[in-house]
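Biologist: I'm new to this one and would like to learn how to read it. Could you walk me through a few features?

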Amino acid sequence: MNIDWKSMPFGYYKTKVNVRSCFRDGEWGEIEVSESEEVSMHMAATSLHYGQEAFEGMKAFTGKDGKIRIFRWEENSRRLQHSASGVLMQEVPDELFREAITKVVQLNREFVPPYGHGAAFYLRPLLIGTGPQVGIQPAKEYLFLVFGTPVGPYFREGFNPVKIQIARDFDRAAPLGTGTFKVGGNYAASLKALKRGRDEGYSSVLFLDAKEKKYIDECGPANFFGIKDNTYITPESTSILASITNKSLITLAEDMGMKVERRKVPIEELETFDEVGACGTAAVITPIGKITDRDTGKEYHYCPDGKPGPVTTKLYQTLTGIQLGEVEDRYGWNLIVE
């Protein structure tokens, strides 16, 4: 096997096996190992018709010491349970979740990128309703599946400033809808805006709140944050997915002696930030150099020297350092895979 780890894109790369468990007759079955990349299900499965589907994104890393670490798996497990509850699916127990993700890493160990290449092993836990229903109601059977694939940086720019476009004429999720759940429908709702933004030269788009169009919501598939006055500020909203990366950055910011504010962030406040960025599992932190309001033409500029700001850089280096075993894991965030 000859993989160019340094040129690895963020995409699907075939590995050896995935693992699966089915919920039938009121209980979860044993984990099964599969070499198939296909899923067979009834044509009336609720995932196909009524969106009973949720997923997670998480990463495993080869550390400086050669050990493989999975970052904050408990938070991903809890978030999948939250999503399952939100669309009335059977929740996956923590024990099953941990066993599945660990087994995928162990059985695909040769596909986990080596230390120092800027790549990671991306894990995709997936939960879908497989039981048939024609009336709108939850399924009685579910499939929990986990696969993994090596990936490079989410944005081709890597840890360098990107351009973002404000998309006022699109909504990602309604205030009391499914925005806090990691379900496919939220991403489907963002595709058109994201494609238009990329076609017009931007890396991603910034969504505003769907109700008033006054406040910052999600930043494409990631959470938004801004830095000013020694304060880490990130939006609070009933339609934003709770980012595990953002949660980790909040802890690290407090460790650095910064104040943290999770609150509504009016769009006008963009003018006052020293640094802004997007954060999530895929990209970790994406520093933002320019934000353009597509409707008004107004531009907000950051990173005047073309480099990420000092606070964003320190947060990024600390978080990735913990993931790679370069910085002490004071909070026990990593699961070592034997």
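**Reading salt bridges and burial**

Modeller: Let's start with one side chain: Arg263 is partly exposed, with 25% relative accessible area. Keep in mind that this is a predicted model.

Biologist: Which residue forms a salt bridge with Arg263?

Modeller: The general idea goes like this: side chains of opposite charge can pair when their charged atoms come close. Here, Arg263 pairs with Glu261, and their closest N and O atoms are 2.7 Å apart. Glu261 is partly exposed too, at 30% relative accessibility. Salt bridges can also share partners, and that is how Arg72, Glu75, Arg78 and Lys247 are joined into one network.

Biologist: How many salt bridges are found in the whole structure?

Modeller: A search turns up 21. One of them links Arg294 with Glu200, where the closest N and O atoms are 2.8 Å apart.

Biologist: Where do Arg294 and Glu200 lie?

Modeller: Arg294 is in the loop between strands E16 (284-293) and E17 (299-301), while Glu200 is in the loop between helix H4 (184-199) and strand E10 (204-208), so this pair ties together parts 94 residues apart in sequence. Arg294 is partly exposed at 36% relative accessible area, and Glu200 is partly exposed at 37%.

Biologist: What about Lys228 and Glu269, how far apart are their closest N and O atoms?

Modeller: Those atoms are 2.8 Å apart, in another salt bridge. Lys228 belongs to strand E12 (residues 223-228) and Glu269 to the loop between strand E14 (259-263) and E15, so the pair ties together parts 41 residues apart in sequence.

Biologist: Are Lys228 and Glu269 buried or exposed?

Modeller: To read burial, check the relative accessible area against the cut-off: buried means under 20%. Lys228 has 16% relative accessibility, so it counts as buried. Glu269 is buried as well, with 8%.

Biologist: Why does Gly277 count as buried?

Modeller: Because its relative accessibility is 0%. Gly277 is found in strand E15, which covers residues 275-280.

Biologist: Which residues is Gly277 in contact with, leaving aside neighbours within four places in sequence?

Modeller: Contacts tell you what a residue touches beyond its own stretch of chain. For Gly277, the partners are Asn223, Phe224 and Phe225, along with Thr286, Pro287 and Ile288.

Biologist: And what separates the C-alpha atoms of Gly277 and His42?

Modeller: A distance of 42 Å, with the two residues 235 residues apart along the chain.

Key. Residues numbered from 1 in each chain as written. Predicted model: local features only at pLDDT ≥ 70, side-chain atom pairs only at ≥ 80, totals over all residues. Heavy atoms only, no water. Helix = DSSP H or I, 4+ residues; strand = E, 2+ residues; numbered from the N terminus. Buried < 20%, exposed > 50% of the residue type's maximum accessible area, 1.4 Å probe, protein only. Contact = heavy atoms within 4.5 Å. Salt bridge = Lys/Arg side-chain N within 4 Å of Asp/Glu carboxyl O.
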